[in-house]
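Dear colleague,

I am handing over the structure we spoke about, together with some notes on what I found in it. Please look through it before reading on.

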Amino acid sequence: VSCRRMGFVPYSQEAFHFGDTVEATDVDEEGVGVKPPTVTRLHIPLADQPELMEKYQTVFGGIRIGRLLEDIDAFGAGIAYKHCDGTDPKRPLTVVTANFDKVELQGDLYPGKSVQLEGQCTYVGKSSMEIRVKAASIDEKSGKIYPTALDCLMTMVARDPITYRSARVHQLKPTTKEEQQMYNNGKENVIKRRAQSESSLNEKPPNVEEINVIHDLFKLQSNNSISGNWVDLKSTEFSSTMLMHPEHKNIHGKVFGGYLNRQAYDLAYATAHVFFQSRPELVAIDDIHFLFPVNIGCMLNFTSTVVYKESQSVVVEVKARVVEPKRGVWKTTNIFYMIFSTASRDAVADLMPSTYADAMKYLQG
């Protein structure tokens with residue numbers, strides 16, 4: 001199975017391969033069986049290719065996280081296709097990104113070094129597949145692999161390409177204690193996601209504790225007792241709108257999710273940079289929700305806002321919305337939450353929501 005065949009071509013190579021596919025056992029009449037976890041690796045040869053390095057390098061000399069997120073999404077999709085045999089002509093499947101549960105920055109990606117991605121399917125539901133991907137620097141000459149820099153957890157979902165309804169996938173059979181632990185963690189993650197969805201402020205009103213937080217902020221405003229450096233949450237907002245071109249499509253004719261990740265990260269980084277008035281450092285990406293597919297040819301608006309601040313760290317929310325000019329309709333397709341910090345010792349401004357909508361963003365942050 002090659003990345004190009006699936007329509008996901010990362011900037012690292014024209015195509016990369018995922019190795020031999022493990023045959024499923026105990027296959028039923030629907031073609032669904034059981035597979036063991038398999039580890040897949042991808043080498044991104046930045047050290048050997050200066051032109052490629054230029055695409056990944058930041059203006060400060062580091063590695064562009066947004067560009068890497070694009071590759072990680074493609075890599076994760078490839079692992080999912082490999083597990084569910086999605087390119088099998090006897091039972092073709094469509095695999096889409098449902099969400100990124102977390103992306104944790106655990107170490108450094110070293111300038112001048114290549115990057116290795118390592119991933120595997122860690123848990124499988126009826127149609128969903130949890131994929132874990134780690135990124136680390138690798139020394140070309142010695143073969144030394146540095147400690148993990150990025151640890152990513154994402155969920156891919158299989159669908160019928162005709163009806164677009166959920167489709168069953170091969171179940172996962174752990175073979176080691178470590179694989180069993182990751183499987184158990186994946187099961188717990190499903191329960192946590194369901195609970196978070198049910199308690200979301202988009203579904204339920206704030207609880208007593210959350211109401212008290214907002215009321216305390218209201219009292220500060222109404223009593224004119226605000227002191228120090230406060231800014232309106234709305235004033236931190238940045239926005240960009242772009243047309244989605246065919247070069248960004250995946251095999252299904254929709255905009256590739258990794259491209260959306262890159263655009264959202266770059267805007268969030270710029271927003272945090274302006275807010276801190278100093279260079280931000282990524283701490284983690286808390287959640288990325290893929291709500292609806294984005295069509296080629298549509299106008300897509302990204303709006304980034306600092307929604308929460310604590311000490312020298314902030315949470316930046318990015319919303320992606322499809323714009324329909326003729327109807328004047330805006331539809332949210334993706335929501336991203338990214339956490340940044342600053343090493344600057346200068347005091348960071350506090351946030352003050354001035355509307356109910358901004359107060360809900362503050363609570364969710």
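In what sense do strand E10 and strand E13 pair, and over how many bridges? Please keep in mind that this is a predicted model. Strand E10, which covers residues 280-290, and strand E13, which covers residues 329-342, are paired in the antiparallel sense, and 9 bridges link them. Within this part, Asp287 stands opposite Tyr337 of E13.

The two strands belong to an open sheet of 10 strands with antiparallel pairing, whose order reads E2-E4-E5-E6-E3-E10-E13-E12-E11-E9. Its edges are formed by strand E2 (40-44) and strand E9 (238-243), each of which pairs on one side only, and from one strand to the next the twist averages 25°.

Helix H6 (residues 257-276) lies across strands including E3, E9 and E13, and runs at about 55° to E13.

Thr122 counts as buried because its relative accessible area is 4%, which is under the 20% cut-off. Its side chain is joined to that of Glu130 by a polar contact of 2.6 Å, and, leaving aside residues up to four places away in sequence, Thr122 touches Glu130, Ile131, Arg132, Leu172, Met182 and Tyr183.

Technical notes:
Residues are numbered from 1 along each chain as its sequence is written. This is a predicted model: local features need pLDDT of at least 70, side-chain atom pairs count only at pLDDT 80 or more; totals for chains, interfaces and linings use all residues. Side-chain values use heavy atoms; hydrogens and water are left out. Buried means under 20% relative accessible area, exposed over 50%, partly exposed in between (1.4 Å probe, protein chains only). A polar contact is a pair of N or O atoms within 3.5 Å; within protein, one must be able to donate a hydrogen and the other to accept it, and residues adjacent in sequence count only if both atoms are side-chain atoms. Contact means heavy atoms within 4.5 Å. Two strands pair if DSSP finds at least two bridges between them. Helices (H or I, at least four residues) and strands (E, at least two) are DSSP runs, numbered from the N terminus. Axes are lines fitted to C-alpha atoms, for helices over the stretch in contact, and angles run from 0 to 180 degrees between N-to-C directions.
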